[in-house]
Amino acid sequence: MSVPPPGLNGAHGSNPTVEALGVAVAARVPVLLWGAPGTGKTSAIRAMAQAMGLPCETVIASIREPSDFAGLPIVVGDQVRFAPPAWARRLAEAGHGLLFLDELSTAPPAVQAALLRVVLERAVGDLTLPDEVAVVAAANPPEQAADGWDLSAPLANRLCHLDWRTDPRAVADGLAGGWAAPVVPALPAGWQTTEILSRGLVAAFLHVRPALACAPPSDAASAGRGWPSPRTWEMAARLMAAADAAGFGDRGDETRSALVRGAVGDGAGVEFLAWLIEMDLPDPEEVLADPASFRLPERGDRAYAALAAVAAAVAADPTPERWTAGWQVLGLAAEAAPDVAAVAARVLARCRPEGAALPAQIKLFAPVLRDAGLLQA
Amino acid sequence: MADRGIENLASSRLWAATRFPYLASGVFGAQVIAEPDSGTVSVDQNWRLRADPELTAAWTPAQLGSVLIHHVCHLLRTHGERAQVAGVGDDEARTWVRAADAEINDDLVPAGLDLPGRPVLPQDLGADDGLLAEQYFEGIRGDRRPPAAGAEGGAWGDSRVRSGQSESGETAGPWLDCGSGADGMPRPGERPGGLAGWQADLLRRQVAQDVIAHAKQAGTVPAGLLRWAEEILHPKVDWRRLLAAELRRAVAQVAGAVDYSYRRPSRRSAVAGDVVLPALRRPVPEVAVVCDTSGSMSEDLLAMVLAEVEGLLRALGLARQVRVLACDTAVAPAQRVTSARQVQLIGGGGTDMGAGLSAAVALRPRPAVTVVLTDGYTPWPPQAPKGTRVVVGLLGAGAPDAPPWARAVRVEPD
């Protein structure tokens, strides 16, 4: 243990990447850390194994040959067996542990091809590693390692990609005051039962955006990172369930976001997360059918989105009933968020249907509109 | 007095959301907290605004609304993170904030931002409008001279409004701190909470979508903000990265095609008894670069891309295997060049890259990878040339597409 892990928790609180790494290890999803050389990826992973009490086998992929992962052929009688190397035997005997594949991106393409089965199926030659073995890899981005290769798309698709960023302040704190130990989340027994929920969410999203079910990257540069495929969506669902079960509270959201984006790639991941948030907003048609049921979202921008949606729904089909219902909704929101409601009120005021009586709620907005200089006398 | 909320907050936000409807999500997404005796309005990187109620009480709703918009723009444009990337030290933070202010104000002040005091504009920094904070910062970095009167003073200008001096006041007021959201330096007393990074990212995208939608519905959006939104929604990928990846991939595929060889036994054969193991063999591919030298090519751009290609090949250990062909309608003899400057644009009007490709394939030893650098205004052969992988660099904005059998990278001058 030479270099201390600067990416780890300094005095400035936790690091979502480390938490995400912990969740992925706990969920036994293969994970890959991308980061510049010398930033403590290797030490962090070893420290994490130590903290979890797991044996850690480090295999530097770039100095290995394909036969080290596919098994060395040995003639026994008239058969050829593929003998696993010693590190695989040790992990199999321990029954659990952490297989750490370092320098993944400097491994030549042939070695990367041999790694495919190891990463996903934990098969080394004729030996299958126990399910309890977690696979973690680390790599330098190809533009930072002179002899680096881009990860092949099939290998990239088997891993959850996390970006290892170093916080200069955490480095300063760590150098001065020592490095904090990594936090390993403990997943409660039976956490897998919630996986069915997150799978349902993913499935619902893919109904809306079928194009994202499988979208192999078109250029070579993005092929080496996460991209959406049935396998990675399944991985994302599993990771979401694990992140929820690990329960980081508010911070857990950041961790969950990193995991989802790491599995399916930034583009698809962000769309999925945005869709999840949108799903939490009330349906404007339901609100207009029953205005009393409206609950104003707490966050200002969400409240704005909800009220703007209601006003837009009324403006699209302004019947007197819907118009009045819209004002009732705004009346409910006026006390908590007069400014947000007033923006929607201006939209409603412009689409008054013929024969609709002026609602009582309109008076609620007069003071704030006048103060903002928006009310003509 | 101490626990008084912020007067006019609702009407200020309403003013801001009405005047700048495309920024409404951002304005309402920022949480405003009253912090008496802070003497300023500041913002942290988690979208929390701390305002001194005593200071803001003197402002009109339009002024407070403008300050809100200004601070939201600090957050939208991630000035805090960018300050860290730009390597802004503690002592340079104020200079950075002035540069960041200029980036925001240069198109929002003309659009109707009504900031109290005199806003920092690019002219104050001796620069043109429409640049990025990094560019403004480079211009004034290390400039130790005291700034021009009136330009000192933070986000929205100086604090003369507060101290009651008129516009003629030559003395700059005390520094009004914009907060960590503008310079990335954490302030004492900042607590965790607020919007998490990924939530802020989503909010940023939402605002960017609003901006684009507003511009499409015949609304007017300041050009700088529109550029920002385009960049958020369609980030431009550096062509150098794409070109590097395509080249590495082409070379890797050639090298990977004949990975194992029985010509040489494996050094591990000793343990395998009678089984002959293949050794890992990595042939070194030859590379040819075909340069379009017709009159329509930009010499500077070609030299830049050629230098990039050479650097990449050197990093892959292939510098000696490179041959460069200059080609318009006829092909000049292959030249082994050692520097991009040695390639001369001798061609005239016409272009035929098909001739260049056939000349490349005819070279011995045959190149396994052929890089074509062209502006795209050329006929192409209908099929891929045999025995070589083709990577096409399309130079210049608006170049026509490359044929489907080639891997293409668009190179646009930055």
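**Close-up views: aromatic pairs and nonpolar cores**

Over all chains, the structure holds 13 aromatic pairs. Rings of Phe, Tyr and Trp (its six-membered ring) pair if their centres lie within 6.5 Å; planes under 30 degrees apart count as stacked, over 60 as edge-to-face and the rest as tilted. This is a predicted model, in which local features need pLDDT of at least 70 and side-chain atom pairs count only at pLDDT 80 or more, while totals for chains, interfaces and linings use all residues. Residues are numbered from 1 along each chain as its sequence is written, chains are lettered from A in the order in which they are written, and side-chain values use heavy atoms, with hydrogens and water left out.

**View 1. Phe69(A) and Trp87(A) form a tilted pair.**
The ring centres of Phe69(A) and Trp87(A) lie 6.0 Å apart, and the planes meet at 55 degrees, so the pair is tilted. The pair links distant parts of the chain. Phe69(A) sits in helix H3 (residues 66–70) of chain A, and Trp87(A) in helix H4 (residues 86–94) of chain A, 18 residues apart. Helices are DSSP runs of H or I with at least four residues, strands runs of E with at least two, numbered from the N terminus. Both Phe69(A) and Trp87(A) are buried. Buried means under 20% relative accessible area, exposed over 50%, partly exposed in between (1.4 Å probe, protein chains only).

**View 2. Phe272(A) and Trp275(A) stack within one helix.**
Here the centres are 6.2 Å apart and the planes at 20 degrees, so Phe272(A) and Trp275(A) count as stacked. Both lie in helix H12 (residues 266–280) of chain A, 3 residues apart, about one turn of the helix. Phe272(A) is buried because its relative accessibility is 0%. Trp275(A), at 17%, also counts as buried. Ring pairs join Phe272(A) and Trp275(A) with Phe205(A) and Trp233(A) in a cluster.

**View 3. The largest nonpolar core has 79 residues.**
A nonpolar core is a set of buried Ala, Val, Leu, Ile, Met, Phe, Trp, Tyr and Cys residues joined through side-chain atoms within 4.5 Å. Leu307(A), Phe365(A), Leu23(B), Trp47(B) and Ile69(B) touch the most other members. Helix H4 (residues 61–76) of chain B gives the most to this core, with 9 residues.

**View 4. Leu307(A) and its contacts.**
Not counting residues up to four places away in sequence, Leu307(A) touches Phe294(A), Leu296(A), Val329(A), Leu330(A), Ala333(A), Val340(A), Ala341(A) and Ala344(A). Contact means heavy atoms within 4.5 Å.
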